[in-house]
2 protein chains.
Amino acid sequence: MGRPTLNSVAEAAAVSRQTVSNVINSPEVVSPETRERVQAAIEKLGYRPNTAARQMRTTRSQIIGLCIPPSGNGVSGVVLDQFLHSLTATAERYDHRIMLFTAADDEAETRAYADLIASVGIDGFVLTSTHHDDLRTRWLLERELPFVSFGRPWGVEDTHPWVDVDGAAGTRLATDHLVRQGHRRIAFVGWPEGSGSGDDRRAGWAAGLAAAGLGAGPQVAVFDGVEGGRSAAARLLDAGGPAGDPFLPGTGAPTAFVCASDSLALGVTAELRDRGIRPGADAAVIGFDDTPTASVLGLSSVAQPIADVAAECVRQLRGILRGEAPAEPATTLFTPHLVLRTT
Amino acid sequence: MGRPTLNSVAEAAAVSRQTVSNVINSPEVVSPETRERVQAAIEKLGYRPNTAARQMRTTRSQIIGLCIPPSGNGVSGVVLDQFLHSLTATAERYDHRIMLFTAADDEAETRAYADLIASVGIDGFVLTSTHHDDLRTRWLLERELPFVSFGRPWGVEDTHPWVDVDGAAGTRLATDHLVRQGHRRIAFVGWPEGSGSGDDRRAGWAAGLAAAGLGAGPQVAVFDGVEGGRSAAARLLDAGGPAGDPFLPGTGAPTAFVCASDSLALGVTAELRDRGIRPGADAAVIGFDDTPTASVLGLSSVAQPIADVAAECVRQLRGILRGEAPAEPATTLFTPHLVLRTT
């Protein structure tokens, strides 16, 4: 039997090579039981980890990790492209690199964090799509690992640094515009309650109605997508009866639709057209995300400053990595703007 | 004066720290003159590079580099998302990672290669958007660095491994379908000559017309985008006179449009609608890329198997990194398929 290796320790402890490497380089990411078993195997075999590798591990890698969501998020895919490009370009200006990884769910994402810290020595992470009971931010906070999220810590205090776009301000802009145009029956087409950004966008619409003294407007929650938008519009139009005069208050079908996404808005416009209601003339529709599809189709939409968000994520993370973190977590909320087109 | 450092060498040779690092770790990426100047400074100062760092540098990093193009490529942005996700997921299955970087042009991209090899010890690269006189592939080939491209080596022999989609087969499928539908005046809306993939797509359309005995059809070359498609359709319709019976041969406006991209196809359908010609009823339009926008709008389109392309890029690169490269460069050409909708 030769000199003990990572492989022989892994075999003796009945774990993977990666786990042995984790115990050596990032013991905090391994469960106590496994850690003890691996350490016992290391001692028994007299294994000595390569010191050059360990020496390097203690220096900064200058690498930032980003988990990319599976594609298939419809027309808003281009928003991710803008985010990635700005993130990479800003990181380069600070001599950092972006490394991608995938994960099927939150738990898989935390396993990937552990793996990337141990194997690549990654410095920190940028998270996207924060949500209620976010396992990922809790995991990172418990281990005091550097990260910034695109998305607020929904449902809890500001326990970590974040950058976000004020969705409520965006739907408020849309609603105020529709009110100024004379609309009185303004519906909201959004996602089921419990989604942080979805509830935020709904709140902006509701606040706009309240400020105009219009009370609670009609709303439908569906899963995101063109078909969802179509069925939401159908339900709202069926429930309201004939549309009648768009500029008269009172009951009747909505004459304007504020939507939580461009996909939903496209479905709404399709349903309106099928019923002979012309978007932009007989009814108004405003989407969210200002995707290229919205631009091509002349759909009005709320635009998020995605490149600014990505750049700010990198700047905040860099501050943390340089030890410049303030006592309170840094938080930056960008205001979106309304792009008016023909709908 | 203390022990000489990377900084003091950089200062003495009037170059950046990075260049000194390159001379030590990847001298092949530095020009001979600069290399000599830096080596002279190293000798004069008696600088000894950190051996732990050098030791690590000789091992594989398991990292693959990918240059992401600036966004703003319109509706086809989602194709990049699919590519990135499949690339990252496949790389992970082989225990490799994807690192992103940006570059303004080919020359900047080669400088980034040099930088990434020297600073991160990157193992190889995946290139996208190959073109005639591609500086990048020549640079990598000269240095015998591992890479695979999504895109053929246009205009030269197969000097490097590549994965691509048979664009000509895609436009041929589209043209054959239109011929079977009875169309006789089938136009092509593409990009200016000289673009490898653009010329390839034009060739498939021309071959389809020739096979049907229809001779040379009308064509217009414009820059990509919805406005380009709109002006191309206007020129084709103006030149052809009234459309007349779509199913009669002879002169007259085209009744069908094969387009090199979905953006062009969207512009064509917009121009048709403005003239009271109904896409799908009075005229046929087929795009290229099968973007979500095409799906939302009911636009027929040629679909590329993007996830398969990305996975194959990683598999080929892995073979090269494992020293399994065959005598001839590996090449894989995927066949696209036609997605028929209402246009």
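Predicted model: local features only at pLDDT ≥ 70, side-chain atom pairs only at ≥ 80, totals over all residues.
Me: Thanks! Which hand does the crossing of H2(A) and H6(A) have?
Reply: Start by finding the pair: helix H2 covers residues 17-25 of chain A, and helix H6 covers residues 106-119 of chain A. Where H2(A) passes H6(A), the crossing is left-handed.

Me: Are H2(A) and H6(A) roughly parallel or roughly perpendicular?
Reply: Two packed helices are described by the angle between their axes and the distance between the axes. Here the axes of H2(A) and H6(A) come within 9 Å and cross at roughly 70°. Angles of 65 to 115 degrees count as roughly perpendicular, so H2(A) and H6(A) are roughly perpendicular.

Me: Which residues of H6(A) make the contact with H2(A)?
Reply: Look at both sides of the crossing of H2(A) and H6(A). H2(A) brings A:Gln18, A:Ser21, A:Asn22 and A:Asn25, and from H6(A) come A:Ala114, A:Asp115, A:Ala118 and A:Ser119.

Me: How are H1(A) and H3(A) placed, oblique or roughly perpendicular?
Reply: The axes of H1(A), residues 6-13, and H3(A), residues 32-45, come within 9 Å and cross at roughly 125°. In this pair A:Ser8, A:Val9, A:Ala12 and A:Ala13 meet A:Arg37, A:Val38, A:Ala41, A:Ile42 and A:Leu45. The crossing is right-handed. With that angle, H1(A) and H3(A) are therefore oblique.

Me: Is A:Thr102 buried or exposed?
Reply: You can find A:Thr102 in the loop between strand E2 and H6 of chain A. Its relative accessibility is 17%. Buried means under 20%, so A:Thr102 counts as buried.

Me: Which side chain makes a polar contact with the side chain of A:Thr102?
Reply: Leaving aside neighbours within four places in sequence, A:Thr102 is in contact with A:Cys67 and A:Ile68, and also with B:His85, B:Thr88, B:Ala89 and B:Glu92. The polar contact, at 2.5 Å, is with the side chain of B:Glu92.

Me: And B:Asp115: what side chain is joined to the side chain of B:Asp115 by a polar contact?
Reply: B:Asp115 sits in helix H6 of chain B. Beyond its neighbours within four places in sequence, its contacts are B:Gln18, B:Val120 and A:Arg97. The polar contact is 2.5 Å, and the partner side chain is that of A:Arg97.

Me: What phi does B:Gln62 take?
Reply: Most residues other than glycine have a negative phi. B:Gln62 lies in the loop between helix H4 and strand E1 of chain B, and its 27% relative accessibility makes it partly exposed. Although B:Gln62 is not a glycine, its phi is positive, about 65°.

Me: Is B:Asp133 buried or exposed?
Reply: B:Asp133 belongs to the loop between strand E3 and helix H7 of chain B. It is not a glycine, yet it has a positive phi of about 55°. Its relative accessibility is 67%, and over 50% means exposed, so B:Asp133 counts as exposed.

Me: Last one: how far does H13(B) reach from its first C-alpha to its last?
Reply: H13(B) has 16 residues, 306-321, and among its buried residues are B:Ile306, B:Cys313 and B:Leu321. Just after H13(B), B:Gly323 has a positive phi of about 75°. At 1.5 Å a residue, 22 Å is expected for H13(B), and its reach is close to that: 23 Å.

Methods
Residues numbered from 1 in each chain as written. Chains lettered and ligands numbered in written order. Heavy atoms only, no water. Helix = DSSP H or I, 4+ residues; strand = E, 2+ residues; numbered from the N terminus. Expected span 1.5 Å × (residues − 1). Buried < 20%, exposed > 50% of the residue type's maximum accessible area, 1.4 Å probe, protein only. Polar contact = N/O pair within 3.5 Å; in protein donor to acceptor, adjacent residues only side chain to side chain. Contact = heavy atoms within 4.5 Å. Axes fitted to C-alpha atoms, helices over the stretch in contact; angles between N-to-C directions. Parallel < 35°, antiparallel > 145°, perpendicular 65-115°, else oblique. Left-handed = near helix turned anticlockwise from the far one by under 90°.
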